[in-house]
Amino acid sequence: MTPDRDGALPTPVEAVLSAQRAALDAATDAVRKGAVLPSRIEDAASVEVGGTPSEVVYTENKLELLRYEPLTDHQHPVPILIVYALINRPYILDLQPDRSVVRRLLEAGHDVYLVDWNEPSRLDQHLGLADYVTRYLDNCVDEVRDRSGRDAINVLGYCMGGTLSAIYAALYPAKVNALGLMATGLYFDDTGGVLELWGDDDYYDPRALTDALGNVPGEFLDVGFRVMDPVANAVTKYVRLYDRLENEDFVENFTRMERWLADGVDVAGEVYAEFVEEIYQANRLYENELVVDGRHVDVTAIDVPLLQIVGEYDNLVPPAASKPFNDVVGSDDVTTIEYPSGHVGLAMSTGSHRAVWPEVAEWFMEHSAPPALADVIGEGIERALGVDVETDVTVGDAGEVEIGVADDDHELARAVIPHDAAAIEAFLEDALGVDIGLEIGPEGIAVTVETDEGTTTTVVENVGEAIRTEVEEAVDDVDVAASYDLEDVEGIGPTYAGRLRAAGIDSVSELVVTDAERVADVAEASETLAAEWIERARALVGADGPVDAAG
């Protein structure tokens, strides 16, 4: 018996009464839960998953390519293609509105596509890595590229889909703008993963399974995953369910998760065997020895920005099976997000949606928005003047960019401005007191910076064709902007123009990037009128050619 607070043992009568009270509480709890059980079963039967609206935009064999309806007025120009695993259904990434990776990306302004492989038939048992990577995945990427008008798109792979994405990026680096890998197995050399141990070639021959069955049954894979932690998967979680049976939200969340776990799909036999033999057992991807369809999968060719999202407590793909890959790729822009979560928790836990996915969405924004012109001008200025020019497209609206300029001592200027050529050039010219010129040459983009001390020209090389076209159009826009005087803006006469010039606002381009309060102050006009001038100036800058200032 347990002593009371004073250290005295309870009397036999008190012990009996305490036991009776505990039994009564348990019985009352059981009656209460029994009363709500029918409604919880009904709720569980009607639970919905994968509710974010989408349409199928491409099909091939069993594969469906989904495009999700945008949730913002403007989308970032480089879309994200999510490459799901070949195991289970992809709605774990869209389980419910508050736990949906898809929705988090859509809410951040991304244009989101997803590869749903669906279930292979008996006829598909001979599909291998080459079929899934160089045919199916490449066709999906091309479809997204065509629909978006981009030469390269963002790719986000989950689990086995991440491994396929890494192989794809090594074979087709020009088609990938940025690569995200979530809970992805990439390195298998005593990393501590249970699957690596089970798949060791000393104990396991995948061909014995595929030769007998053709495709690998989803039930076989499901049982394997469950026995990795039998107590948690067969006992603990159901005890937790009983304890929280009166919590309707918990029961619905539990049911969604159980539905996904039970909704497995078969895996084509050949790709399963190749995956186990080549990547798990021989570690050929990491060792840079993998060959797919007769082509060397050269991981050093992955020179695009790389993001690894790993779960600290992932016992399926532990961090040690993912992070070493960062050291062998060719990219010098590698970021790792490690969160205290398990394999599935990265996709659907409340904590990951609060801490991880906003950061992932921002990372893709930083590598997706179109600051090409700002970067080209900024790099030229950095070389010519030795100052630091920083751009950030995650601040402001989709059509804006934040630019900061700093020297070794302090920040010189920072502002959020429209993302167009005239605004960028005018801001940098005003911040640094220089004149900037751009010229497209065979080696790259020539940036000329003219100061009181002289003129410096630097060439920004390795500019892709898409950026080159963008800069060519931007130069045309700058030329158009330069063809206007302040008096060309409706409402600005000689008097107002003189006041503006006296304050250093010498051109339409500079007017565009000046806030209405300052314009009103120096021109001695109302802020409403100043705002109208700025809007009219922006319309002139964006025009295709000279227009009548009065019309």
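This is a guided tour of one protein structure, stop by stop, for a reader with a viewer open.

**Before starting**

The model is predicted, so that local features are taken up at pLDDT of at least 70 and side-chain atom pairs at pLDDT 80 or more, while totals for chains, interfaces and linings use all residues. Residues are numbered from 1 along each chain as its sequence is written, and side-chain values use heavy atoms, with hydrogens and water left out.

**The whole protein**

Begin with everything displayed: the protein has 20 helices and 16 strands, where helices (H or I, at least four residues) and strands (E, at least two) are DSSP runs numbered from the N terminus. Of the 551 residues, 48% are buried, and buried means under 20% relative accessible area, with exposed over 50% and partly exposed in between, for a 1.4 Å probe and protein chains only. Among contacts (heavy atoms within 4.5 Å) with a separation of 6 or more, 67% are between residues 24 or more positions apart.

**Helices H3 and H4**

Select residues 129-148, which are helix H3, together with residues 160-171, which are helix H4. The two helices pack at an angle of about 75° with their axes 10 Å apart, the axes being lines fitted to C-alpha atoms, for helices over the stretch in contact, and the angles running from 0 to 180 degrees between N-to-C directions. H3 and H4 are therefore roughly perpendicular to each other; angles of 65 to 115 degrees have this name, while those under 35 count as roughly parallel, those over 145 as roughly antiparallel and the rest as oblique. To display the contact, pick Leu129, Val133, Thr134, Leu137, Asp138 and Val141 of H3, and Leu164, Ile167, Tyr168 and Leu171 of H4.

Stay in H4 and select Ser165, which lies in this helix and, at 1% relative accessibility, counts as buried. Not counting residues up to four places away in sequence, Ser165 touches Val83, Val155, Gly157, Leu179 and Leu181.

**Helices H6 and H10**

Next select helix H6, residues 206-213, and helix H10, residues 269-281. Here the packing angle is about 180° and the axes are 9 Å apart, which makes H6 roughly antiparallel to H10. Pro206, Arg207, Leu209 and Thr210 of H6 meet a set of H10 residues that includes Gly269, Tyr272, Val276 and Gln281.

**Aromatic pairs**

The whole structure holds 9 aromatic pairs, a pair being rings of Phe, Tyr and Trp (its six-membered ring) with centres within 6.5 Å, called stacked when the planes are under 30 degrees apart, edge-to-face when over 60 and tilted for the rest. Select Tyr187 and Tyr286, whose ring centres are 4.3 Å apart and whose planes stand at 65°, so the pair is edge-to-face. Tyr187 lies in the loop between strand E6 and helix H5, and Tyr286 in the loop between helix H10 and strand E7, 99 residues apart; both residues are buried.

Move on to Phe188 and Tyr280, a stacked pair with 4.4 Å from centre to centre and 15° between the planes. Phe188 lies in the loop between E6 and H5 and Tyr280 in helix H10, so this pair ties together parts that are 92 residues apart in sequence. Phe188 and Tyr280 are both buried.

**The loop at Ser341**

Select Ser341, in the loop between strand E10 (334-339) and helix H11 (345-348); at 6% relative accessibility, Ser341 counts as buried. Leaving aside neighbours within four places in sequence, its contacts are Gly311, Glu312, Tyr313, Asp314, Leu346 and Ser349.

**The sheet E11-E12-E13**

For the last stop, display the open sheet of 3 strands, which run in the order E11-E12-E13 with antiparallel pairing; two strands pair if DSSP finds at least two bridges between them. Strand E11 (388-392) and strand E13 (411-418) are at the edges with a single partner strand each, so one side of each is left without a neighbour in the sheet. The twist from one strand to the next averages 15°.

Strand E12, residues 400-406, pairs with E13 over 7 bridges, and a hairpin of 4 residues joins E12 to E13. Along this pairing, select Ile403, which stands opposite Ala415 in E13, and then Glu400, whose bridge partner in E13 is Pro418.
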